[in-house]
Number of protein chains: 2
Amino acid sequence: MKAAKLPDLTLYLVTDRRLAGNRPLTEVVLQAVAGGVTMVQLREKECSSREYLELALALKKLLPPGIPLIINDRLDVALAASADGLHLGQNDLPPEVARRYLGSGAIIGLTVERPEQLAAAENLPVDYVGISPVFLTPTKTDTGPAWGLEGLALARKQTRRPLVAIGGINETNVAGVIRAGADGLAVVSAICAAPDPKLAARKLRQLIEEARKGNF
Amino acid sequence: MKAAKLPDLTLYLVTDRRLAGNRPLTEVVLQAVAGGVTMVQLREKECSSREYLELALALKKLLPPGIPLIINDRLDVALAASADGLHLGQNDLPPEVARRYLGSGAIIGLTVERPEQLAAAENLPVDYVGISPVFLTPTKTDTGPAWGLEGLALARKQTRRPLVAIGGINETNVAGVIRAGADGLAVVSAICAAPDPKLAARKLRQLIEEARKGNF
């Protein structure tokens, strides 16, 4: 595990091979990084443990220094791949268990779907919180109700922890999400399903930077 | 992790909550242990990481000393539950990765579906090998062709490693499986789906002991 530091959550790619179509996941990720993605989360539910580890190792090998690789759900895969961190949902292993094995240097993120979960996260050893879903999305259907921009703004007031917004984020709503107080945006389909992932990432990144300038 | 020793593979219960029907898994397992099961493997594919850990912790708490708890597939759950070991399939994490994190005291098992995999297992840090499936079974449909008793006997000649036979084993074929050289039998439905798991385990255990006596 790398040394602890605040990750740059600005534009956080969450993978989905199904959306990548015939393109290898590694290619889509590399293009996205070239376009301005600042973090990558490997999230593939439909594969064996061995395949998940192999994907993690492949991404770990190709990601440039400074772009952290975060593994969704699987602490063992994060350990075995020497990933930079782990992203946990409410039904995954408890963050304190993950922290025990990953150490203080790892980045641990937690998805919260309701304000009570955000409140509970204050006492958990996590480095950032994912507000999910900000908008309803076809990518992930097992979520709670959407936070909406109002919910995100309330979440922002509730905590000082870094917040990543996820769920239905695309070019049309980036500015609002940043203005509502998100430190970064996590996207799945807006990049994985884009005809040109590099261009899609670049556009999203530009929109984030413009919204940030407008904010201050 | 407990100190290393050869596990008693004689009658190895592999769980399946779906087969347990309305009965809590913990109850079925306790009854099976009372009937003579010597090892328990938690194998539940249809649950979240958090639920898998909770099941593992519940079993760990109730199993008497001397009855090892083995976790299927998930190294992280095995670690977090302080289980006695981990059982891996060919598509799970590599045994050497598991050994690195679990240490020399843990029991690590590996399923082999073909003679080449059994040969490869000679060089892997595993404590026993599961010969799967010995017979075809409705419980697990993603397996290779059945080894049969002849295949099991050949496997016995091929290795000195402890062998557990799994797949379609029940009262009618226990004796043949022991005579073919298995050190133990792993059962799922023959106990989990039995109206009286304790009685089912007792009967299987008796048949194993009788076959062993006949063998020597």
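The following dialogue goes through a predicted model and asks what lies behind some of the terms applied to it.

Mentor: This is a predicted model, in which local features need pLDDT of at least 70 and side-chain atom pairs count only at pLDDT 80 or more, while totals for chains, interfaces and linings use all residues. Residues are numbered from 1 along each chain as its sequence is written, chains are lettered from A and ligands numbered from 1 in the order in which they are written, and side-chain values use heavy atoms, with hydrogens and water left out.

Trainee: Why is Asp76(A) called buried?

Mentor: Buried means under 20% relative accessible area, exposed over 50% and partly exposed in between, with a 1.4 Å probe and protein chains only; Asp76(A) has 0% relative accessibility, and therefore counts as buried. Asp76(A) is found in helix α4 (residues 75-80) of chain A, where helices (H or I, at least four residues) and strands (E, at least two) are DSSP runs numbered from the N terminus.

Trainee: And what makes Leu124(A) partly exposed?

Mentor: Its relative accessibility is 21%, so Leu124(A) counts as partly exposed. Leu124(A) is placed in the loop between α6 (115-121) and β6 (128-131) of chain A, and, leaving aside neighbours within four places in sequence, is in contact (heavy atoms within 4.5 Å) with Pro95(A), Glu96(A), Leu110(A) and Arg161(A).

Trainee: What does Asp76(A) contact, leaving aside its neighbours within four places in sequence?

Mentor: Asp76(A) is in contact with Asp73(B), Arg74(B), Leu75(B), Asp76(B) and Leu93(B). A polar atom of the Asp76(A) side chain also lies 3.1 Å from the backbone nitrogen of Leu75(B).

Trainee: What makes the pair of Asp73(B) and Ser49(A) a polar contact?

Mentor: A polar contact is a pair of N or O atoms within 3.5 Å; within protein, one must be able to donate a hydrogen and the other to accept it, and residues adjacent in sequence count only if both atoms are side-chain atoms. The side chains of Asp73(B) and Ser49(A) make such a contact at 2.6 Å. Asp73(B) is found in the loop between β3 and α4 of chain B, and with a relative accessible area of 10% this residue is buried.

Trainee: How do you know that the length of α3(B) agrees with that of a helix?

Mentor: The expected span is 1.5 Å times one less than the number of residues; the 14 residues of α3 (residues 49-62) of chain B should therefore span 20 Å, and the end C-alpha atoms are 20 Å apart, which agrees.

Trainee: Which residues of α3(B) are buried, and why are they said to be on the same side?

Mentor: Ser49(B), Tyr52(B), Leu53(B), Leu55(B), Ala56(B) and Leu59(B) are buried. They cover an arc of only 160° around the axis, which puts them on the same side of α3(B), the arc being that of the directions from the helix axis to the C-beta atoms. What covers these residues includes α1 (17-20), α2 (25-35), β2 (39-42), β3 (69-72) and α4 (75-80) of chain B.
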